[in-house]
Amino acid sequence: MVRFIGRMVAPCAVAGAVASGANAVSPVGISWFPRQGKSIVTDKALLQAASIGAIEVDALVNAGLAIVVDARTTDLYVEGHVPGAIHVPGQELFEGAVELAEPLLIMLPDPEALPPTQVVVYCEGATCSDSLLVFDYLSELGYRRSLRVMLDGWPAWEAAGLPVEEGQP
Amino acid sequence: MSQCRWVWTWRVLRWALAVVFVAAAVLKIMAPPQFVVDIFNYQLLPLWSLHAMAIYLPWLEVICGVALLIGRWTEEASAILGAMLIVYIVAIASTMVRGISLDCGCFGKYDTGSATVVLIRDVVFLMMAVGIVVANRRRRVTTDVEPPAAEIELAVG
């Protein structure tokens with residue numbers, strides 16, 4: 001039995017070598033580990049599936065069906081944010097300041113009890129990864145199925161002429 | 001069962017399982033990000049491992065499939081694929097227990113069958129993998145059987 005298990009090492013090792021080489025040269029190759037500050041899980045396919053527009057977010061907020069999270073830096077949040085948005089700076093959260101998520105987590109029930117309410121995260125737009133960091137953090141806590149990303153971020157909310165709230169978190 | 005029938009049983013099972021796994025693997029190799037998402041949706045593995053799984057598993061399926069096709073490392077390849085199938089079956093069953101609705105991801109974006117159908121399908125594949133190991137050992141046993149004593153005397157004489 002031990003020898004049989006030992007013989008299985010060879011095809012596994014060959015697969016590892018081939019996978020490394022193929023992934024390195026493939027035009028659709030991905031990193032072996034999520035790049036710091038960004039997970040491919042919240043990129044591409046899943047991001048598209050979880051994205052939501054500013055108008056939709058406004059409708060959900062008015063219906064009381066959204067908890068909005070502003071993942072930008074504090075100074076940007078103070079300048080203007082979605083009314084009622086909870087401030088959880090994504091980059092600081094990623095660097096280990098998990099206590100910054102406490103104001104949000106206090107409001108959130110268990111993941112199973114959350115629907116149909118959606119948790120909508122945003123930052124400065126499609127090129128900003130701060131919302132993705134908060135998205136990943138909440139995903140790991142089990143809120144994946146209720147999470148949405150306002151992909152075009154704060155600029156889209158402003159451009160739509162929607163209400164703006166200013167001030168401290 | 002005669003040696004000939006064991007040999008052909010072994011070959012048919014090998015080729016069938018090889019085609020299934022190589023086809024499934026190619027679809028996943030062509031779209032790694034989607035496979036990352038599919039693995040993620042099972043909510044079983046930590047985030048840091050998803051990329052590595054999505055890169056490695058399809059190529060393991062390819063190598064084992066090719067091994068089955070060319071008739072090398074057949075028992076080892078069948079055992080590896082069987083172990084993977086057991087993991088897939090447990091993962092799918094766990095999603096059913098936890099009430100998670102998702103696409104299997106086994107055949108990339110083309111795999112949208114219900115969890116029950118996928119479970120039954122994987123059990124069938126597992127039986128095929130076990131069948132390959134059994135048929136391989138049976139065909140080797142029948143080829144190793146000593147000829148009757150009379151034939152030995154004729155050969156010596």
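**Figure 1. Helices H1(B) and H4(B) are oblique to each other.** In this predicted model, the axes of helix H1 (residues 3–30) of chain B and H4(B) come within 12 Å and cross at roughly 50°. The crossing of the two helices, H1(B) and H4(B), is left-handed. On the H1(B) side, the contact is made by Trp10(B), Arg14(B), Leu17(B) and Phe21(B); H4(B) contributes Thr74(B), Leu81(B) and Leu85(B). By class, five residues of the contact of H1(B) with H4(B) are nonpolar, one is polar and one is charged. An α-helix has 3.6 residues a turn, so residues three or four places apart point the same way.

**Figure 2. Helix H3(B) packs against H4(B).** Helix H3 (residues 47–70) of chain B meets H4(B) at an angle of about 140°, and their axes are 8 Å apart. This angle makes H3(B) oblique to H4(B). The crossing of H3(B) with H4(B) is left-handed. From H3(B), the residues in contact are Leu57(B), Leu60(B), Glu61(B), Cys64(B), Ala67(B) and Leu68(B). Their partners on H4(B) are Thr74(B), Ala77(B), Ser78(B), Ile80(B), Leu81(B), Met84(B) and Tyr88(B). Ten residues of the contact of H3(B) with H4(B) are nonpolar, two are polar and one is charged.

**Figure 3. Leu85(B) is a buried residue of helix H4(B).** Helix H4 of chain B spans residues 74–98 and includes Leu85(B). The relative accessible area of Leu85(B) is 1%, and because buried means under 20%, this residue counts as buried. Beyond residues up to four places away in sequence, Leu85(B) touches Phe21(B), Asp122(B), Phe125(B) and Leu126(B). Between Leu85(B) and Phe125(B) there are 7.5 Å in space, C-alpha to C-alpha, although they are 40 residues apart in sequence.

**Figure 4. Chain B follows the pattern α-α-α-α-α-α along its sequence.** Six helices and zero strands are present in chain B. The chain has 157 residues, of which 47% count as buried. Of the contacts in chain B between residues at least 6 apart in sequence, 68% join residues at least 24 apart.

**Figure 5. Four strands of chain A form an open sheet with parallel pairing.** The strand order is S2-S1-S3-S4. Strand S2 (86–87) and strand S4 (147–149) of chain A are the edge strands, and each pairs on one side only. Strand S1 (residues 66–70) and strand S3 (residues 118–122) of chain A pair in the parallel sense over five bridges. Within this pairing, Ala66(A) stands opposite Gln118(A) in S3(A).

**Figure 6. Helices H4(A) and H8(A) lie across strands of chain A.** Helix H4 (residues 54–62) of chain A lies across S1 and S3 of chain A and runs at about 125° to S1(A). Helix H8 (residues 130–143) of chain A lies across S1, S3 and S4 of chain A, running at about 170° to S4(A). Ten of the 14 residues of H8(A) are buried, so this helix is largely enclosed by the rest of the structure. The buried residues of H8(A) include Leu132(A), Leu133(A), Val134(A), Phe135(A), Leu138(A) and Tyr143(A). Asp130(A), Ser131(A), Asp136(A) and Ser139(A) are also among the buried residues of H8(A).

Key:
Residues numbered from 1 in each chain as written. Chains lettered and ligands numbered in written order. Predicted model: local features only at pLDDT ≥ 70, side-chain atom pairs only at ≥ 80, totals over all residues. Heavy atoms only, no water. Pairing = 2+ DSSP bridges. Contact = heavy atoms within 4.5 Å. Axes fitted to C-alpha atoms, helices over the stretch in contact; angles between N-to-C directions. Buried < 20%, exposed > 50% of the residue type's maximum accessible area, 1.4 Å probe, protein only. Parallel < 35°, antiparallel > 145°, perpendicular 65-115°, else oblique. Left-handed = near helix turned anticlockwise from the far one by under 90°. Nonpolar A, V, L, I, M, F, W, Y, C, P; charged D, E, K, R; others polar.
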